[in-house]
Amino acid sequence: MSEPVRSDDQATPPAVNGDQSQSLPWLEELPPRQIVAELDRYIVGQHPAKKAVAIAIRNRWRRQQAPEDIRDEILPNNIIMIGPTGVGKTEIARRLARLAGAPFIKVEASKFTEVGYVGRDVESMVRDLVDAAINMVRGEREDEVYPSAEARAEERLLDLLLPPSPELIPATESGKEKAPEETSRERSRFVVSSQGEARTEKEPPVDDKLTLERRNRTREKLRGLLRDSKLEERELEIEVSQQAPPMLELMQPPPGMEGTDFNFTEWLQEMMPKRKKRRVVKVPEARRILVDEELKKLVDMDDVVNDALERVENHGLIFIDEIDKIAGERGGAGPDVSREGVQRDLLPIVEGSTVQTRYGYVRTDHILFIAAGAFHVSKPSDLIPELQGRFPIRVELSSLTREDFVRIMTEPENALTKQYQALCAAEGAKLEFTTDGIEEIARIATVVNERMENIGARRLHTVMTTLLEDLLYDLPDVSDKHVVFDAKSVRERLLRIVEDEDLRKFILRADSFGRQPSAVSHQ
């Protein structure tokens, strides 16, 4: 599938965005059709889900263009995607994360527990979103000043490769030229003769300007060698800041207390004296260390934090996967109590509240939430009504058919066939799948899903791994580096799967790395 062409009438980014890369606009700056087209490059089918996500994301940009008196009243329409496993729910989140220029995180609902229980509380997802935004904005700022940081690091590298002579240090460090009488002043030196007699002699006058010019010529020669990567094996001794002691790294706040204003670990690190240590490293490692130090000097972290918090509040997106794992019959006992408690804790976060983070307070009113779940055991109606109301848009994803499997193996840019072809190319081999061979793989995957648990497109991974297992094992030693899989060769290699009525035996054999299946597989 060809890459869609961006329209010429791209909207300009809102003022809150800051400086963005000109090569790739923010996801919410794209029209909905183009967002769907970007997702189509990697995900087959599921157009209703892509359409709903594209509209919700585009509405973020539309809200920024609305008048200020109504802008805060426009709330995002959160989405819940319902569909069996392996149909593309999580893949949509993965692709959104790569396309989005806004803060984005994907969390598993099953990892959270109710406040008061051991585990992570739901507010930690907002804190994780803030951390992701900090890293994103800091990366953008570092990209802007990276040339300056490289230039500064290069000058420091040259100072290490060619240290200034002692008599030239005052002239070079102060930036002032010496007086003529100081330049021509005679120096004395202490000399001991072979007979053991000591005397003082006058040194001939030294021309500091001539020495400085000679040093500058040598410095420029070293600069050329450095840029031509001819000094990569040279070792240098540099000073680096020592990392925090291991015990400080272990002193993390308990679960549920990550957002307190007072961070004891950071406070202790600030109180402790800054310790330096000397390391002998090669030029590439020294360059990396020095560039990192210069980036820290050039990037204003206060500005980074302010921009990141603003992006989180106005453009943040949280994808909550496996939300069906916290659904259960209301009024139950045991673990269902904690599940319902997690739902109750989610209510204020999704509806809009203020969450305390170590960088400041964050309002969640305009953060977009997209939830997804298979709901094999539970039903969407098992969620408490209040939480259902917080996700007004419900999208159902359809199960994958045999024709969908064929498209999955041929159309996406990351298709399984292309991945295995790249792996075989590393061994100098050419792997080829004929049209009927791909159709046969899709047919077998469909049959296995029908006779066993339907795991959607993930079944293709199981079938392809079994199909290519012997080939990948023998590939370095075989002489014929051109391998073609047609329908006949696929059936021959996967014959045991097609004929085996008890597919649990195959599943155990495939998952146990060659061990014989136990008697449990025949029960």
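At what angle do helix α5 and helix α12 pack, and how far apart are their axes?

## Helix α5 against helix α12

In this predicted model, helix α5, which spans residues 124-161, packs against helix α12, residues 301-315, at an angle of about 125°, and the axes of the two helices are 8 Å apart. Since angles of 65 to 115 degrees count as roughly perpendicular and those over 145 as roughly antiparallel, α5 and α12 are therefore oblique to each other.

Sorted by class, the contact of α5 with α12 comprises 12 nonpolar and six charged residues, with no polar ones.

## Helix α5 against helix α11

Helix α5 also packs with helix α11, here at an angle of about 130° and with the axes 8 Å apart, and α5 and α11 are therefore oblique to each other. The crossing in which α5 passes α11 is right-handed. From α5, the residues in this contact include Glu 142, Val 145, Tyr 146, Ser 148 and Ala 149, while those they meet in α11 include Ala 286, Arg 287, Leu 290 and Val 291. The contact of α5 with α11 is made up of 11 nonpolar residues, eight charged residues and one polar residue.

Helix α11 itself covers residues 283-298, 16 residues in total, and from its first C-alpha to its last it reaches 22 Å, which is close to the 22 Å expected at 1.5 Å a residue. The buried residues of α11 are Val 283, Ala 286, Ile 289, Leu 290, Val 291, Glu 293, Glu 294 and Leu 295; of these, Ala 286, Leu 290, Val 291, Glu 293, Glu 294 and Leu 295 are also named in the contact with α5.

Ala 109 lies in the loop between β2, residues 104-108, and α5. With a relative accessible area of 1%, Ala 109 is buried, because the cut-off for a buried residue is under 20%. When neighbours within four places in sequence are left aside, Ala 109 is in contact with Ile 320, Asp 321, Glu 322, Ile 323 and Ile 326. Val 342 is 233 residues from Ala 109 in sequence, yet the C-alpha atoms of these two residues are 8.6 Å apart in space.

Most residues other than glycine have a negative phi. Glu 322 is placed in the loop between β7, residues 317-321, and α13, residues 335-351, and with a relative accessible area of 25% it is partly exposed.

Ser 229 likewise is not a glycine, and its phi is positive at about 60°. Ser 229 is found in the loop between α8, residues 208-227, and β5, residues 235-241, and its relative accessibility of 47% makes it partly exposed.

## The chain as a whole

The protein chain contains 21 helices and 13 strands, and buried residues account for 41% of its 523 residues. Of the contacts in the protein chain between residues at least 6 apart in sequence, 76% join residues at least 24 apart.

Key:
Residues are numbered from 1 along each chain as its sequence is written. This is a predicted model: local features need pLDDT of at least 70, side-chain atom pairs count only at pLDDT 80 or more; totals for chains, interfaces and linings use all residues. Side-chain values use heavy atoms; hydrogens and water are left out. Axes are lines fitted to C-alpha atoms, for helices over the stretch in contact, and angles run from 0 to 180 degrees between N-to-C directions. Helices (H or I, at least four residues) and strands (E, at least two) are DSSP runs, numbered from the N terminus. Angles under 35 degrees count as roughly parallel, over 145 as roughly antiparallel, 65 to 115 as roughly perpendicular and the rest as oblique. Ala, Val, Leu, Ile, Met, Phe, Trp, Tyr, Cys and Pro count as nonpolar, Asp, Glu, Lys and Arg as charged, and the others, Gly among them, as polar. Buried means under 20% relative accessible area, exposed over 50%, partly exposed in between (1.4 Å probe, protein chains only). Contact means heavy atoms within 4.5 Å. The expected span of a helix is 1.5 Å times one less than its number of residues. A crossing is left-handed if the near helix is turned anticlockwise from the far one by less than a right angle, and right-handed if clockwise.
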